[in-house]
Amino acid sequence: MFTRVANFCRKVLTRESDSDIQEQNHNTDDVVVIPRAQHTISRKDISDNALKVLYRLNKSGYEAYLVGGGVRDLLLNKKPKDFDITTNATPEQVRKLFRNCRLIGRRFRLAHIMFGPEIIEVATFRGVHSDNNDKNESQQANNGMLLRDNVYGSITEDAHRRDFTVNSLYYSADDFTLRDFTGGLQDLQQGIIRLIGDPETRYREDPVRMLRAIRFAAKLAMRIETATAEPITRLAHLLRDIPPARLFEEALKLLQAGYGYPTYQLLREHNLFKALFPLIDKSFTPQGDSNMEKILSQVLKNTDQRLQNGKRVNPAFLFAAMLWYPLVEHAQKLTQESGLAYYDAFALAMNDILDEQCMTLAIPKRITSLVRDIWQLQLRLPRRQGKKAYKLMEHPKFRASFDLLLLRAEIEKGEVQKLSHWWDEFQQADMQRQKTMLNALGDEPSRHRRSRRPRKNTPKPQ
């Protein structure tokens, strides 16, 4: 995967030895400038809208560069998801140049330039923090987390303020050169995720960087450099300080981007999974063979496969599958402790499980309501007599519920597997076959109903 990158890195970064390359690239502020003839980035692979922004900033006398994941992915011959730009123009100056611009963010002030559905994000070069910075521009909590970061600086300072070396590569549309300030090309060649600066300090500034290290390692099939990986396990608790809404967005990036299963493995390896899903983490077994662990692995593998095949996925189904066995366990516990009927206990358990999960991940109500539908249908799927089977198939979340039943069948076998086979055949059968299948079920088992109190005989009014 790194053949092209490796070739032009060898042409440009000619040093006496690999150890010299690493030392010089990671311990100097010197910039390595790679001319167009020696790198693989072409303007035809860059968004037309991103080029418009770059050209207008350059024409107005500002420095402007394509930076971050877009440059990294272009060098790896991948199609970037988006194109981010950095410049020495302030957000207010950017807004004056573009009528379709809006400024967002308080902690990090950014300019979003709108081109229909495409948004080009423009950030101003960030500078170093000092005791003299205005609190309106820079603010840091006692634990080291950056609360506000609007200190502007030079491109060199900006490069060293970025998170990982492979994301700190700058492409100029003015002279078509590539600029490397931190040894990112070398790390890209060797498949290394390396944090810029002191890892513990950088993680304390923004604990989400730990999740980003995992995400990039899984997405790019790279390894996390030793010094970058070392603090993660002992600093995992810092994620508790991150707002649940932000963690929800990060969880979707981690698990619903086509590489969820390897990401999950790395999250567990570095003790980060607990920060996102404490309900699931506390149920892991030493052997790793519980029903919950089996369905977790399978649903992530299935999600990856769907995304790789260009199919859509719904986060509601992912959460419904991941939390299914904690839900069942809690419902059974409530039944035993309170004496409630299982259906009533199940309803209470749904509330408890979702409320507890939303304390760490702020899952929107539009998603939790779909999760509830999928769960409730699991109790209704065994009841197929009469017209119930047809009504169930008309439910908007029937397909998702059936998919969860299939996952459960692979794990639980027995009656659940028989039920999944029945529903699979019923959906494909013609009308006559469906009637035969329904008649073969017999009468629905009688349900225990609470007896009604007899009405008191009251005299009728005369």
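Reader: Which residues does threonine 228 touch, not counting residues up to four places away in sequence?

Author: The model is a predicted one. Threonine 228 is found in helix 10, which spans residues 226–229. A contact here requires heavy atoms within 4.5 Å. Leaving out residues up to four places away in sequence, threonine 228 touches Phe164, Ile193, Arg194, Leu195, Pro199 and Tyr203.

Reader: Is threonine 228 buried or exposed?

Author: A residue counts as buried when its relative accessible area is under 20%. For threonine 228 the relative accessible area is 0%, so this residue is buried.

Reader: Which side chain joins that of threonine 228 in a polar contact of 2.7 Å?

Author: Such a contact needs a pair of N or O atoms within 3.5 Å. At 2.7 Å, the partner of the threonine 228 side chain is the side chain of glutamate 225.

Reader: Turning to the strands, which residue in strand 6 stands opposite threonine 86?

Author: Strand 3 covers residues 84–87 and runs antiparallel to strand 2, residues 64–67, with 4 bridges joining them. Strand 3 is also joined by 4 bridges to strand 6, residues 118–124, and this pair runs parallel. In strand 6, the residue opposite threonine 86 is alanine 123.

Reader: For the protein chain as a whole, what percentage of the residues count as buried?

Author: The chain has 24 helices and 12 strands. Among its contacts between residues at least 6 apart in sequence, 67% join residues at least 24 apart. Of its 462 residues, the share that counts as buried is 48%.

Technical notes: Residues numbered from 1 in each chain as written. Predicted model: local features only at pLDDT ≥ 70, side-chain atom pairs only at ≥ 80, totals over all residues. Heavy atoms only, no water. Helix = DSSP H or I, 4+ residues; strand = E, 2+ residues; numbered from the N terminus. Buried < 20%, exposed > 50% of the residue type's maximum accessible area, 1.4 Å probe, protein only. Pairing = 2+ DSSP bridges. Polar contact = N/O pair within 3.5 Å; in protein donor to acceptor, adjacent residues only side chain to side chain.
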